[in-house]
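Please read them with the coordinates open.

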Amino acid sequence: MRPGPGPSAPRLAHLLTRTARTLRSVTRATRRGVRRAEVTRPLSSGGFLGAAAAGWVATTPSMLPRTWWMWAVNIGLSQSYGYTTGVLAERLVRRGAAALGLEVGIAEDHRRRARLLGASALIGISAYSWVRGVLRQREISHLVQQRPQNLATHLVGTAAGLGASLGVLAAVRAIGATADLYRALLRPYLPTRLLGAVSLVLTLATVAVAVDRLIRGRVLEQMIEQAEAANRLISPNVPRPDSPARSGSPASHESWPSLGAPGRKIVSGGASPEAISAAIGAPAMDPIRVYAGKSTSRTMEETVQAVLAELDRTGAWDREVLVLFTGTGTGWLQEWSLSAIEFLTAGDCATASMQYSVYTSGLSYVVDRRSPKQAGRLLFQAVRRRLDAMEPGSRPRLFVAGESLGSFGGQAAFRDLPDLLAKVDGAVWTGTPSFTPLWQQVTGRSRPGSPAIAPIIDQGRHVRVVTRPRDLHRNYWGGLYEPWRSPRVVYAQHPSDPVAWWRPSLLWEEPDWLRERVGHDVTPAMRWFPWITFWQVALDMPLSVRAQGGHGHSYREEMVPIWAAALGQDVAPGGEHEQRRRHERIVKAIREVARG
């Protein structure tokens with residue numbers, strides 16, 4: 001006999017019928033809500049005006065010439081911000097007018113004329129601001145010695161920016177449609193008071209999950225994978241050094257693959273003793289370059305010990321000069337600095353560094369800001385202890401250096417400026433990010449009235465901020481410093497270097513360096529606008545390293561006179577001409593070595 005239906009069967013059938021009815025009603029309600037509220041809703045008048053005004057602002061200049069994608073992102077972000085601001089402003093005005101009992105309108109017979117005049121004004125102002133923006137881009141190109149972009153670059157970037165802003169608007173409306181969906185689903189089950197709050201929480205959770213899957217799960221992981229793959233890549237154009245004075249050589253404790261791609265390039269580069277001797281007209285030694293790569297099999301402390309072992313092996317403690325570099329996110333070091341030291345000291349020097357990450361500086365800033373500071377502090381402390389254990393007369397002179405995120409990390413080894421001056425014989429920091437704590441302390445001691453881009457610190461007795469080589473001996477306004485004492489600290493940063501001037505407070509506050517408008521390679525037409533200037537300067541950063549030497553985040557030929565000053569290679573009055581000629585020969589030799 002077949003068993004009959006149990007007592008739960010009628011309940012199950014009733015539940016299925018009720019669920020089907022609910023889904024049908026929810027589907028109808030959702031379709032009505034989406035059509036009525038989000039997808040087909042016309043643009044807000046206030047939002048449209050706000051987006052137009054922000055688009056005009058987006059054409060204003062920043063520090064460096066824009067590529068098409070810089071135009072696109074700048075316009076897309078600016079118009080999205082302007083639309084949001086305009087919508088909020090419109091709502092506030094409407095509510096204020098309603099509270100006061102005011103009603104503003106245009107007579108029916110004047111509406112067409114008003115629309116025509118408004119459209120003409122918007123088109124005219126937009127065209128004027130765009131043409132003016134293109135001309136400003138040409139002015140910036142001239143200031144930083146770059147070839148101006150062609151007209152197609154500006155046109156394509158503008159069109160892509162308009163498309164990007166429409167895409168952002170569509171995404172926001174899709175989020176609104178998602179909120180409508182949740183409200184429709186929950187309306188039969190929740191009271192009105194809770195419906196809005198619960199649907200908002202669910203919408204935010206949905207957006208958070210989607211962004212997390214897209215940004216962290218795809219984009220970020222892909223960037224990390226690419227960085228790790230690039231670090232492992234052994235290029236046939238980067239030969240393994242034969243000299244025992246280099247890490248990664250057959251005599252080294254550090255294997256060639258373990259150095260990572262930036263480390264292999266560092267120890268493989270540089271000039272031979274013969275090339276140095278030919279440039280300076282004197283005998284030269286083989287410069288020492290020590291490097292240890294990042295490895296998952298050892299801690300950062302163990303990596304520091306690997307650097308010390310290489311310093312022991314190469315006899316670095318017997319050289320005249322020892323320079324500790326803190327690298328950028330990937331472990332990259334600036335070849336111009338390394339070579340300048342080697343030529344100026346006739347090879348009687350050793351440079352040492354270690355890799356603490358394989359990520360770019362931008363990615364390292366987002367993912368891990370502790371590692372650069374830890375690397376700079378641990379390496380310096382270990383070397384300082386070894387030097388303190390040596391006889392004072394037999395120690396090399398100790399210098400510290402770093403560029404960009406390396407400057408941020410290297411300065412973390414010191415509590416304050418007196419601590420730095422007490423522990424080193426000199427320092428060279430290039431392209432220091434403005435959020436670096438030690439830099440903020442130093443600028444806090446600047447002379448009132450000195451420019452923010454080149455503050456005068458204690459009349460230049462120990463610290464000098466230079467925007468170009470001539471600032472080494474005279475301040476930015478041309479005034480004389482007091483005699484330069486040892487140890488000497490140089491902060492080199494160009495007015496057009498976005499890495500040195502970008503900071504989160506650009507969102508809401510105009511910085512002094514922009515208010516003063518005194519940078520020799522920054523257009524005085526640059527203005528500060530809330531929020532917009534923040535991403536304009538941020539967008540300048542990625543390509544700033546490709547700028548012409550002496551501009552942007554590109555520190556090249558000027559590193560020769562800067563390091564000569566930091567090393568104390570002064571000349572007697574009347575010898576300046578011969579010193580310039582010597583530096584020119586060194587610059588020429590470094591270029592020839594770089595060309596291979």
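Is Ser404 buried or exposed, going by its relative accessibility? Ser404 counts as buried, because its relative accessibility is 9%; buried means under 20% relative accessible area, exposed over 50%, and partly exposed in between (1.4 Å probe, protein chains only).

1. Basis. This is a predicted model, in which local features need pLDDT of at least 70 and side-chain atom pairs count only at pLDDT 80 or more, while totals for chains, interfaces and linings use all residues. Residues are numbered from 1 along each chain as its sequence is written, and side-chain values use heavy atoms, with hydrogens and water left out.

2. Ser404 is in the loop between β4 and α13 (405-410); helices (H or I, at least four residues) and strands (E, at least two) are DSSP runs, numbered from the N terminus. Its phi is near 60°, a positive value in a residue other than glycine. Arg517, also not a glycine, has a positive phi of about 55° and is found in the loop between α17 (512-516) and α18 (532-540). With a relative accessible area of 33%, Arg517 is partly exposed. Most residues other than glycine have a negative phi, and most peptide bonds are trans.

3. Cis peptide. The bond joining Ser486 and Pro487 is cis, with omega about 0°. Pro487 belongs to the loop between β6 and β7.

4. The sheet. An open sheet is formed by 7 strands in the order β1-β3-β2-β4-β5-β7-β6, with parallel pairing; two strands pair if DSSP finds at least two bridges between them. β1 (288-292) and β6 (463-466) are the edge strands, each pairing on one side only. On average, neighbouring strands of this sheet are turned by 15° against each other, direction ignored; axes are lines fitted to C-alpha atoms, for helices over the stretch in contact, and angles run from 0 to 180 degrees between N-to-C directions.

5. Strand β5. Which residues of β5 point one way, and which the other? Gly426, Val428 and Thr430 point one way, Ala427 and Trp429 the other, and all are buried. In a regular strand the side chains alternate between the two faces of the sheet. The strand (residues 426-430) is mostly covered, with 5 of its 5 residues buried. It runs parallel to strand β4 (residues 397-403), to which 5 bridges join it; Val400 has Ala427 as its bridge partner in β5. With β7, strand β5 also pairs in the parallel sense over 5 bridges, and Thr430 stands opposite Ala492 in β7.

6. Strands β2 and β3, and a helix across them. β2 and strand β3 (residues 349-354) run parallel and are joined by 4 bridges, with Val323 opposite Thr351 in β3. Helix α12 (residues 370-388) lies across β2, β3 and β4, running at about 160° to β2; contact here means heavy atoms within 4.5 Å.

7. Helix α8. The buried residues of α8 (residues 273-280) are Pro273, Ile276, Ala279 and Ile280. They cover an arc of only 130° around the axis, which puts them on the same side of α8; the arc is that of the directions from the helix axis to the C-beta atoms. These buried residues pack against α10 (335-344) and α20 (576-595). The face of α8 turned away from the buried side carries the exposed residues Glu274 and Ala278. Gly281 follows α8 and has a positive phi, near 70°.

8. Aromatic pairs. The whole structure holds 10 aromatic pairs; rings of Phe, Tyr and Trp (its six-membered ring) pair if their centres lie within 6.5 Å, and planes under 30 degrees apart count as stacked, over 60 as edge-to-face and the rest as tilted. Phe325 and Trp563 form a tilted pair, 6.5 Å centre to centre with 50° between the planes. This pair links distant parts of the chain, 238 residues apart: Phe325 is in strand β2 (residues 321-326) and Trp563 in helix α19 (residues 559-566). Both Phe325 and Trp563 are buried. Trp439 and Tyr491 also form a tilted pair, at 4.9 Å centre to centre and 45° between the planes. Trp439 lies in helix α15 (residues 437-443) and Tyr491 in strand β7 (residues 488-492), so the pair ties together parts that are 52 residues apart in sequence. Trp439 and Tyr491 are both buried.
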